[in-house]
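Dear colleague,

Please find the structure we discussed below. My notes on it follow, and I would be grateful if you read them with the coordinates open.

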Amino acid sequence: MNSIEKLIMEYFLKNISVGEIIAIIDLREEIKKRAKSGELAYGEIDDAVIERDLLTIITSLIKRGFLEYNMGVFNLAGWIRDYLKKKYKSLEAGVFKSIDKLTSD
């Protein structure tokens, strides 16, 4: 997973389910913040370019089975939600979960 995919997945691991518009705004702002701080290498820091890139990557994550989309809402894939329930005994929405930690277990 590249750094943007990782950022997106950690966003959904934390939030589980988010409306399309809010997700794109939140992720766009996070990318801009990280790019300006030098934490994330990102080309053109333009809202439209970032949003286009986000939608392309999210579509790829949906096709690969990591996310789901239904009626304007992006959701963490069911199999990942089931894994989190089993591992943590709940989904713990709003709590940061490191993708590196989850994939190393």
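Which residues of helix H4 (residues 78–88) are buried? In this predicted model, they are Gly78, Ile80 and Leu84. These residues lie on the same side of H4, because they cover an arc of only 160 degrees around the axis. Trp79 and Lys86, on the other side of H4, are exposed. The packing partners of the buried residues of H4 are helix H1 (3–15), strand S2 (67–70), S3 and helix H5 (99–104). After H4 comes Lys89, which has a positive phi, near 70 degrees.

Strand S3 (residues 73–76) contains Phe74. This residue has a relative accessibility of 3% and therefore counts as buried, the limit being under 20%. Beyond its neighbours within four places in sequence, Phe74 is in contact with Phe12, Ile16, Ser17, Val18, Glu20, Ala23, Leu55, Ile58, Ile62, Glu68 and Tyr69. As for Ala23, it stands 51 residues from Phe74 in sequence, while the C-alpha to C-alpha distance is 7.8 Å.

I turn next to the charged side chains. Side chains of opposite charge can pair when their charged atoms come close.

The side chains of Glu5 and Arg64 form a salt bridge, at 2.7 Å from N to O. Since Glu5 belongs to helix H1 and Arg64 to the loop between helix H3 (47–63) and S2, the pair ties together parts that are 59 residues apart in sequence. Glu5 counts as buried at 10% relative accessibility, whereas Arg64, at 41%, counts as partly exposed.

A salt bridge also joins the side chains of Arg28 and Asp47, with 3.9 Å from N to O. Arg28 is in helix H2 (residues 20–37) and Asp47 in helix H3, so this pair ties together parts that are 19 residues apart in sequence. With a relative accessibility of 14%, Arg28 counts as buried; Asp47, with 31%, counts as partly exposed. Both residues also belong to a network of salt bridges that links Arg28, Glu29, Lys32, Asp47 and Glu51.

Finally, the side chains of Asp53 and Arg52 meet in a salt bridge of 3.2 Å, N to O. Asp53 counts as partly exposed, at 22% relative accessibility.

With kind regards

Note on methods: Residues are numbered from 1 along each chain as its sequence is written. This is a predicted model: local features need pLDDT of at least 70, side-chain atom pairs count only at pLDDT 80 or more; totals for chains, interfaces and linings use all residues. Side-chain values use heavy atoms; hydrogens and water are left out. Helices (H or I, at least four residues) and strands (E, at least two) are DSSP runs, numbered from the N terminus. Buried means under 20% relative accessible area, exposed over 50%, partly exposed in between (1.4 Å probe, protein chains only). Contact means heavy atoms within 4.5 Å. The arc is that of the directions from the helix axis to the C-beta atoms. A salt bridge is a side-chain nitrogen of Lys or Arg within 4 Å of a carboxyl oxygen of Asp or Glu.
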